[in-house]
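Trainee: Could you walk me through reading this fold, one feature at a time?

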Amino acid sequence: IGRDWRVGFGTRFRAVGDVENVDTQLSFYPYDALPEGSSINIQPGNAQGATWGEINLHLAKRFITNDGELGVGVNLKYIRPLSGARLLVSGETTITKINRGSVGLANSDIQAALSGDLIDNDLGRFTGQGIGVDLGVTYGTGDLIGPNDIPQLTFGLAVLDIGGIRFDETS
């Protein structure tokens, strides 16, 4: 809006996953190379992942200073979670390769948490809602270049993904 204001609208799909304390036995021995009937012991670890969609509104303002320009921006997000899962292996577990597509677990203490849509096979259903914000600031200095008078050198700082999600009862 004008020369010093920027407004935008967007959507995006996001996914994140994390694995912690992966036992080296799992990374050292390729599963396909293990003979059928062989076993390996793995130490405790966990894995988790989630997917969500966002609707974004971006607002930014440029301020001209004596020796450059300062930009301040905000990105407001309406968040809709889709699916999430967590697997926690609490103790040492023995994995036995039965055949290429099957494994046996022994001495295991495994906890699994799944969002409601993964349990009732209703994939794609939103499982709650949330809000978030990204904040950013830039400072530009040097000769202005191009038709939009962009400074030659720009520094920026941003804080991303401030906010939260509240899941519904089925999650």
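Mentor: Gladly. Helices (H or I, at least four residues) and strands (E, at least two) are DSSP runs, numbered from the N terminus. Here the protein chain runs β-α-β-β-β-β-β-β-α-β-β along the sequence, with two helices and nine strands. This is a predicted model, where local features need pLDDT of at least 70, side-chain atom pairs count only at pLDDT 80 or more, and totals for chains, interfaces and linings use all residues. Residues are numbered from 1 along each chain as its sequence is written, and side-chain values use heavy atoms, leaving out hydrogens and water.

Trainee: In what order do the three strands of the open sheet lie?

Mentor: Two strands pair if DSSP finds at least two bridges between them. The order is β2-β5-β6, with antiparallel pairing. At the edges are β2 (39-42) and β6 (102-106), each pairing on one side only.

Trainee: How many bridges join β5 to β6?

Mentor: Five bridges link β5 (residues 93-99) to its antiparallel partner β6. Asn-99 stands opposite Ser-102 in β6.

Trainee: Which ring has the charged end of Lys-61 over it?

Mentor: A charge sits over a ring if NZ of Lys or CZ of Arg is within 6 Å of the ring centre and within 35 degrees of the ring normal. For Lys-61, the ring is that of Phe-63, with its centre 5.0 Å from the charged end.

Trainee: What share of the residues is buried?

Mentor: Buried means under 20% relative accessible area (1.4 Å probe, protein chains only). In this protein chain, buried residues make up 23% of the 171 residues.

Conventions: Buried means under 20% relative accessible area, exposed over 50%, partly exposed in between (1.4 Å probe, protein chains only).
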